[in-house]
Every structure is written in C-alpha cells, then in structure tokens.
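I opened my notebook to keep track of what I looked up in this one. Here are the entries, in the order I made them.

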Amino acid sequence: MKRRFPVLMTALMFGYAFLYGPILSLIVYSFNESRLVTVWAGFSTKWYGELLHNQQLLDAAWLSVKVASMTASLAVVLGTLAALALVRFRRFRGRATLQVMVTAPLVMPEVIIGLSLLLLFVAMQDSIGWPDGRGQLTITLAHTTFAMAYVTVIVQSRLAHMDRSLEEAALDLGARPLKVFFTITLPLIAPALMAGWLLAFTLSLDDLVVASFVSGPGATTLPMVVYSSVRLGVSPEINALATIIVLLVSLAVAIAGVLLYRQEKRAQSEQNQG
Amino acid sequence: MKRVPLPRGRGLIIGVPWFWLGLFFLLPFLFVLKISLSEPVLAQPPYLDLIREVEDGLVSISLNFGNYLLLWEDPLYRGALFGSLKISAISTLFCLLLGYPMAYAIARAPSHWRLPLLMLIILPFWTSFLIRVYAWIGILKGNGLLNNFLLWTGLIDQPLEILHTPLAVYIGIVYSYLPFVVLPLYATLVRLDLTLLEAAADLGCRPWKQFLTITLPLSLPGVIAGGMLVFIPVMGEFVIPDLLGGPSTLMIGKLMWTEFFSNKDWPLASSLAAVLLVVLIIPFVALRHFEQRSEEDAA
C-alpha cells in the first residue's frame, strides 16, 4: 500500500492543478492593464471599475439574484417535502415515479429541460392564459424544477441518517406531529436545508441554457449577458466578474464549512458526555 | 416501526412535490413529442397544431413524421448523434481515468484530511460553469497561455492549434465533469473493506493483482454511477462544444440549439430532443439500478 502513495499523490496533485489552474489564470489576468488578455502589461484594477459602470450587466445580475433567491427558497420547500415523502413513507402509490422524477433532473441534459418547459409554458398560456408571457416567472419555475432535485438528494441523505429517538420521545409525550416537525425535525436537518438553499441558489445563478429557452424579451439573466460577450472572445471585464464570483463562492463555502465543522464537533462532544 | 411525524399531512407531503414535478418535468415531455410531430410554419408559435377544427365540429388530426425521417436520412443529424455518442463515451473514459486515482488517494488519506480534500473537489463545481469553460479559451487559443508557455520552453516552435478542435472539447468536458466521477468513486472506495486487501497480501497477492481482483470489482458501482453522471448530461451538452469546439464538432445539443434559436424550427428541435431522450433511457436505467443497490446497501 505505502509504495503506491507517490503515484497516487502525483495524480491528486495533477488533478487539483487541473481543476484550479484555469480559475487562477482568470484571477491573475483580471488585474491585467492590457485588453489583450494574454499579454501582461502591468497591474491594474480598471476592469473592476468598468464592470461597475456596465448597466446592462448590473441589471442582468440583479435579475439573476432575484430569480436565484426565489428559486432557492421554493426548491428548499419542495425538495424537503419530496425527501420527507421518500424517506418517511416507504410505501405509497406513485413512489417509484416520484423517485425517478427527483433523480432524472440531476442528469437530464439542459437543452431537453429548457425546450420541453418552453413548449409547456407556450401551451399553458394558450389554454389557460397563465403564465402570461415569459420572463422572471417562467425562469423561476424552470429553475425550481431542476434545483429541487438537488435539494431532495441532500435532505434525503440527512433524513436517512438522522436519529429518530428524539421525535419518538416527543410524540410519546403527546406533542402534535406538526409541532414535532417544527421544533425537532427541522432544526436537526437545518444544515442540509442551508446547503440545499446555497446549492439551488448557485445552480440558478449559473444557468444559461434553460433560462435562454424559457426567457422572453426583456428578461436577460447574468449568464446570458456573459455568454453573448464571451462568444465574441476573451474580455478582461468577464475575468473581473469571474474573480468576484469565485471570491464570493469561496467565502460562502468557507463559512458553511466552518459552521458544519463546529456543529459536528458539538454533536461529538455531546455524544461523548452522554 | 412507528410512523412519525405528520401522519395527517401525508397526502400533502407526497402530493405537492409529485404535482410540481408531474406538471413541470413529466408533462412537458408529452409536448415535446406532440410538437415533434407537427409541421413548422412561420407564425408565433412556429408550428401547426396537430388537431385543427376544419369546419364546424369537423376536426382533422395530422401527424407529420417528416422530422424523424429527416433526422434519419440527413447525414448531418445522424453525424451529430454519433458524434455526441463518441465524444460522451471518450470523455467519460478520461474522466474515470483521471478521477479514479484521485478518489482512491482521498479515500486512503488520513481521515481528518478527507473532508478538506473532498471540499476542494466540489468547490469549483460551485463557481460558474460558464466562466470555467470560458477560462479555457484564454488558455488554449493560438496566442494563449499554453502556447506561450510551450513556445517559451522551446518544446514547440509554432503555436499549436487546440481551440476549436475536438481536443479542446474533450479538455473542457473532462475539466467540468471531473467532480461528478470523483464523488461516487470516493463513496464506494472509502467503504471498501481493507481486511480483504490485507488477507490477499498475507496470502502473497501482489498489489496490482489485489487492485484488479478486489478493489476494482468492488468499486464497480461507483464506476458505473460516476460514468453515467458524466455520459448522460454530456450527450446533450451545448456550452462546451459551442465555446471550445469548431464547426466540425457535431453534437446533438448544439444542433438543437441552432435549430431552435437560429432556424426557428421548433418541430425539428423537438424531434431531436425526443431522439436524445430515447437514447438516454438505457444509461439512465443503468444509473438508477446502481443507485438503488447502494441505497439498499446503506439501509
């Protein structure tokens, strides 16, 4: 076993370099003075300044944040319900279908999700007049549909490994099921809900393909603006934007990681004492 | 076992997500099928309804299989389907070849190292996919970072043409989908019973033979799950072939996008989607099969 470690370590190091090299190159060149991205012409933060004056980009970012927070909140509610149904109720009619419907969006190509939802929205508008037109609402509905699948997976695994004795004790002592859910179950699965919310938020914020299909005139999300600018070639402004996104995400993940770590430590020490 | 909690809300807990996914995930596929059988017209929306009222009370139903015939006869569409299959299969293989040693190394690392190492695998997945693909344009293009570096080392004396070739598409896919193979592989490798390996070693089994006869077969569920998590979405990938590939990189997702957005041919785009969906059923069933098995193992 020991002898193989150098080989494995090399593979691991190569893998991490492969994963982080491109991101690092974006960050470095976002501080490049020159518009020619590959020629280093000195340190500058001017592209960050230009970013702040790009009204089209700022509007798109604001729309994306609105859609992403709506999506994440809806997806957490729906995903938690789906996870509860699948973990707590072992037998019910339609269980297999529900299981497939929460797994399929995880791998379903985005072009299919986007096109099929667009056709649905067009048909619905034709027959019942809702949703009226396409834009923020249709993008949110579409994003919620695939984001809730990710939330379901996260919450499902948390529920499956959860200690049920507290819930059972509360029920034995006469607490109502709804109260048990809100005072015991929910706090216990809170970290999973938070992770699910954050994942749904970033998935929605990042989506280009589905949003392009189900969006209408006047509703342009951030990835749509980035895509049309990227198609024209490399631009230092996009590098600056990428750097900001990477920093925000790393910060969020670091905070979430520390919170989870502390909670685990606390749980461990409580277990040791008990 | 006692059934806790919310026995009364049972209908609601099951019904609400079921209704949502039924409406927004299952039902739309029927519309894809329906529109794929209709005729394109210059109108808004750009297709003829299958069921039309010709006169008072007289209804005509017309099904148009022309789109599917075209997909089969035109070498462009057939080429895109087989091109997607080839690119997905090869990039899945490379993801596994790179991901397996990484997952193995993490699973065998000291236990307090595992979580941070895994977090480092997942972290890029949380940053924008579009931007990470875009980063490769700056690296791979003619006067990009990679060429500049290779010219500087003297390994080459002319810039390599990588961007807008199939190679760039492979690099982009392996890069973007690597976390999807590492995670399930890690999950199976970390649960591997090490005493089996010890027993084999005690009986004189060489390390590479231990790997081939014990580790690899036992980690097969992770290999299949990870492989399918790459293969299925890559079949419909649009962003990577569009930004990194050239005109010769035919993929079905990119073609669907062109038919829909540039040619405004919704029926043809729908029939492409329907064909893709049918092709993906087999790998999806394989994925479900292995997921169910690991769920049962965990329970």
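**Confidence.** I began by reminding myself that this is a predicted model. Which helix of chain A has the lowest confidence, and which the highest? The lowest is α11 (residues 236-273) of chain A, with a mean of 79, and the highest is α9 (residues 209-214) of chain A, at 96.

**Aromatic pairs.** Next I counted ring pairs and got 26 aromatic pairs over all chains. I picked out F31(A) and F43(A): their ring centres are 5.2 Å apart and their planes meet at 15°, so I logged the pair as stacked. The cut-off I needed here is that planes under 30 degrees apart count as stacked. Both F31(A) and F43(A) sit in the loop between α1 (5-30) and α2 (46-52) of chain A, so the pair ties together parts twelve residues apart in sequence. Buried or exposed, I asked of F43(A)? F43(A) is exposed, at a relative accessible area of 58%, whereas F31(A) is partly exposed at 23%.

**Charges over rings.** In chain B I wrote down two cases. The charged end of R78(B) sits over the ring of W72(B), 5.3 Å from the ring centre. Likewise, R108(B) places its charged end over the ring of Y104(B), 5.1 Å from the centre.

**The second largest pocket.** I put its volume at about 560 Å³. The lining of this pocket has 28 residues, and those nearest the centre are L205(A), L222(A), I245(A), L248(A) and V249(A). Elements giving two or more residues to the lining are α2, α3 (55-88), α8 (177-206), α10 (222-231) and α11 of chain A, along with α5 (129-140) of chain B. Which element gives the largest share of the lining? That is α11(A), with eight residues. Sorted by class, I have 23 nonpolar, four polar and one charged residues in the lining.

**One residue pair.** Last, I looked up L218(B), which lies in helix α9 (residues 207-218) of chain B. L218(B) is partly exposed, with a relative accessible area of 42%. I checked L218(B) against D193(B): they are 25 residues apart in sequence, and their C-alpha atoms are 9.4 Å apart in space.

Conventions: Residues numbered from 1 in each chain as written. Chains lettered and ligands numbered in written order. Predicted model: local features only at pLDDT ≥ 70, side-chain atom pairs only at ≥ 80, totals over all residues. Heavy atoms only, no water. Phe/Tyr/Trp six-rings, centres within 6.5 Å; stacked < 30°, edge-to-face > 60°. Helix = DSSP H or I, 4+ residues; strand = E, 2+ residues; numbered from the N terminus. Buried < 20%, exposed > 50% of the residue type's maximum accessible area, 1.4 Å probe, protein only. Lys NZ or Arg CZ within 6 Å of the ring centre and 35° of its normal. pLDDT = per-residue confidence, 0-100. 1 Å grid on protein atoms, 1.4 Å probe; cavity = no way out; pocket = protein on both sides within 12 Å on 5 of 7 lines; lining within 4 Å. Points joined across faces, edges and corners; volume = space filled by probe spheres on them. Nonpolar A, V, L, I, M, F, W, Y, C, P; charged D, E, K, R; others polar.
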